[in-house]
Amino acid sequence: MYLLHTYDDKDEAEAASLKIAGQKRLASERDSTQVIYNLFGDATWGNFYKLGLFNLHELKTIVDKKQAGDHYDTQRHQEIIGMLKYTAKTFEIEIPVHWL
């Protein structure tokens, strides 16, 4: 399991925990006078998508346009892919070929 995201709000953290699939754990910790909530779980693109991370919703729109032969922002596509390459390396997962 990996640390997927950190939340400041307990309700938001619990709602996020319900969205993801696979193993998961929500842990709270005190940071000075504030409590933060760490969501641990399986590092999958599906879980990241469900959590709204790494601009995956925007990437889906871009990939859909690209596959349909419509005009899309190639520069933004490359920016997102660049970030996902770092993410993939960090979490030891592969970027699906059809995203590239």
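## Sheet

Three strands, ordered E1-E3-E2, make up an open sheet with antiparallel pairing (strands are DSSP E runs of at least two residues and helices H or I runs of at least four, numbered from the N terminus; two strands pair if DSSP finds at least two bridges between them). E1 and E2 are the edge strands, each pairing on one side only. From one strand to the next the twist averages 30°.

The model is predicted: local features need pLDDT of at least 70 and side-chain atom pairs pLDDT 80 or more, while totals for chains, interfaces and linings use all residues. Residues are numbered from 1 along each chain as its sequence is written, and side-chain values use heavy atoms, with hydrogens and water left out.

## Asparagine 38

Between E1 and E3 there are 5 bridges, in the antiparallel sense. Threonine 6 stands opposite asparagine 38 in E3. Asparagine 38 counts as buried because its relative accessibility is 7% (buried is under 20%, exposed over 50%, partly exposed in between, with a 1.4 Å probe and protein chains only).

The side chains of asparagine 38 and glutamate 29 make a polar contact of 2.6 Å (N or O atoms within 3.5 Å, one able to donate a hydrogen and the other to accept it; residues adjacent in sequence count only if both atoms are side-chain atoms).

## Helix H1

Helix H1 spans residues 10–19, and its buried residues are Ala13, Ala16 and Ser17. They line one face of the helix, because they fall within an arc of 105° seen down the axis (taken from the directions from the helix axis to the C-beta atoms). The face turned away from the buried side carries exposed Asp11 and Leu18.

The buried residues of H1 pack against strands E1, E2 and E3 and helix H2 (contact means heavy atoms within 4.5 Å). At the N-terminal end, aspartate 9 caps H1, with a side-chain oxygen 3.2 Å from the backbone nitrogen of aspartate 11.

Definitions and conventions
Axes are lines fitted to C-alpha atoms, for helices over the stretch in contact, and angles run from 0 to 180 degrees between N-to-C directions.
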